[in-house]
Amino acid sequence: MNFVFEWWHYPVLFGIGLLVSFINAIAGGGSVLSLPLLIFLGLPSAMANGTNRLGILAGSLSATYSMSRAGLVPTLSLRRLAIPVGLGALLGAWGAVAIPDRAFNMLLAVVVLTVVAATFFGMSFTPQSESEAAELKASPMSMLSYFLLGLYGGFLQVGSGFLMIFLFRFFSSMNLLRINGLKVACTVLFTAVSILVFTGFEKIHWPMAFALALGNVLGGFWGVRWQIQKGEIWIRRFLVFMGVVVSVKLVWDTFV
């Protein structure tokens, strides 16, 4: 690989990592910024996908720690997710290292535009019920859904926050705070599994990964403390703008 890691990549990746984890702690979709950025900086798609995971893991760990201290991580639901999500993530990450870069870029462009649409139209999937004691269902349909969630999280991860909020709302009556707590804890689960796979295939650029991760840790704490209403509209606008830009760039690089 001819990629050269320059000194100025550190502050850029740190800043993006800070923003990504802040967005992910609040709702989701932050990787719509970091993953395309890694590709634009010169990493092959599979390596960019793996490199992005360490920062996501770091930010999710910090957010999970903060929410767990506040009693907002439903442990029974997390245990129900562990096996299906873990198995799905293992298969998904294996598929991610096998797919050609050209196909991955096109798929990423589609996913980014989908996340942009979800952000633009305000798809927060806020639960109508506000139960504090509810847990996720453990029916055959729900377990299959958790497996598919892990499969997607292991393969790509971009926009998985929106997907988790929707699924956890559909299969429980938890309030939004507990759903967010479960979301960040579940992200830790499938991201940790996927990192093992990407590491085994040597698909992580560690200096870039650690630069992102440092910003992610701080951003995760920041996002949880906000638990936002105040600045959400500006985050959505920024995500829409950047999502359109990176999608056009990915399509352009694929066909031109």
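**Helices H6 and H7**

Helix H6, which covers residues 140-155, packs with helix H7, which covers residues 160-170, at an angle of about 175°, and their axes are 11 Å apart. H6 and H7 are therefore roughly antiparallel to each other. On the H6 side the contact is made by Ser-145, Leu-149 and Tyr-152, and on the H7 side by Ser-160, Leu-163, Met-164, Leu-167 and Phe-168. Sorted by class, this contact of H6 with H7 has six nonpolar residues, two polar residues and no charged residues.

The loop between H6 and H7 is the place of Gln-157, a residue that has a positive phi of about 80° although it is not a glycine. With a relative accessibility of 4%, Gln-157 counts as buried, because buried means under 20% relative accessible area. Within helix H7 itself one finds Arg-169, which at 31% relative accessibility counts as partly exposed. Arg-169 and Leu-136 are 33 residues apart along the chain, and their C-alpha atoms are separated by 8.8 Å.

**The overall picture**

What does the secondary structure of the protein come to? The count is 10 helices and zero strands, so that, read from the N terminus on, the elements run α-α-α-α-α-α-α-α-α-α. The protein has 256 residues, of which buried residues make up 54%.

As for the confidence of the prediction, the mean pLDDT of the protein is 81, and 75% of its residues reach 70 or more. Over residues 124-129, however, the pLDDT is below 50, and this stretch has 17 contacts in the model beyond near neighbours in sequence.

**Helix H8 and its partners**

Helix H8, made of residues 176-200, packs with helix H4, made of residues 75-98, and the axes of the two come within 8 Å and cross at roughly 35°. The crossing in which H4 passes H8 is right-handed. The residues of H4 in this contact include Leu-78, Val-85, Gly-86, Ala-89 and Trp-94, while those of H8 include Leu-182, Cys-186, Phe-190, Val-193 and Phe-198. By class, the contact of H4 with H8 has 18 nonpolar, three polar and no charged residues.

H8 also packs with H6, at an angle of about 50° and with the axes 9 Å apart. H6 and H8 are therefore oblique to each other, and H6 passes H8 in a right-handed crossing. Here Leu-149, Gly-153 and Gly-154 in H6 meet Cys-186, Phe-190, Ser-194 and Phe-198 in H8. By class, the contact of H6 with H8 has four nonpolar, three polar and no charged residues. Leu-149 belongs to the H6 side of the contact with H7 and also to the H6 side of the contact with H8, whereas Cys-186 and Phe-190 are listed in H8 both for the contact with H4 and for the contact with H6.

The phi of Glu-202 is near 55°, a positive value in a residue other than glycine. Is Glu-202 buried or exposed? At 65% relative accessibility, Glu-202 counts as exposed, since the cut-off for exposed is over 50%.

Ala-109 is found in helix H5, residues 101-120, and it is buried, with a relative accessible area of 2%. Met-67 lies in helix H3, residues 45-69, and at 1% relative accessibility it counts as buried.

| Pair | Separation in sequence | C-alpha to C-alpha distance |
|---|---|---|
| Ala-109 and Pro-36 | 73 residues | 9.1 Å |
| Met-67 and Asn-180 | 113 residues | 8.6 Å |
| Arg-169 and Leu-136 | 33 residues | 8.8 Å |

Definitions and conventions:
Residues are numbered from 1 along each chain as its sequence is written. This is a predicted model: local features need pLDDT of at least 70, side-chain atom pairs count only at pLDDT 80 or more; totals for chains, interfaces and linings use all residues. Side-chain values use heavy atoms; hydrogens and water are left out. Axes are lines fitted to C-alpha atoms, for helices over the stretch in contact, and angles run from 0 to 180 degrees between N-to-C directions. Helices (H or I, at least four residues) and strands (E, at least two) are DSSP runs, numbered from the N terminus. Angles under 35 degrees count as roughly parallel, over 145 as roughly antiparallel, 65 to 115 as roughly perpendicular and the rest as oblique. Contact means heavy atoms within 4.5 Å. Ala, Val, Leu, Ile, Met, Phe, Trp, Tyr, Cys and Pro count as nonpolar, Asp, Glu, Lys and Arg as charged, and the others, Gly among them, as polar. pLDDT is the predictor's confidence in each residue, from 0 to 100. A crossing is left-handed if the near helix is turned anticlockwise from the far one by less than a right angle, and right-handed if clockwise. Buried means under 20% relative accessible area, exposed over 50%, partly exposed in between (1.4 Å probe, protein chains only).
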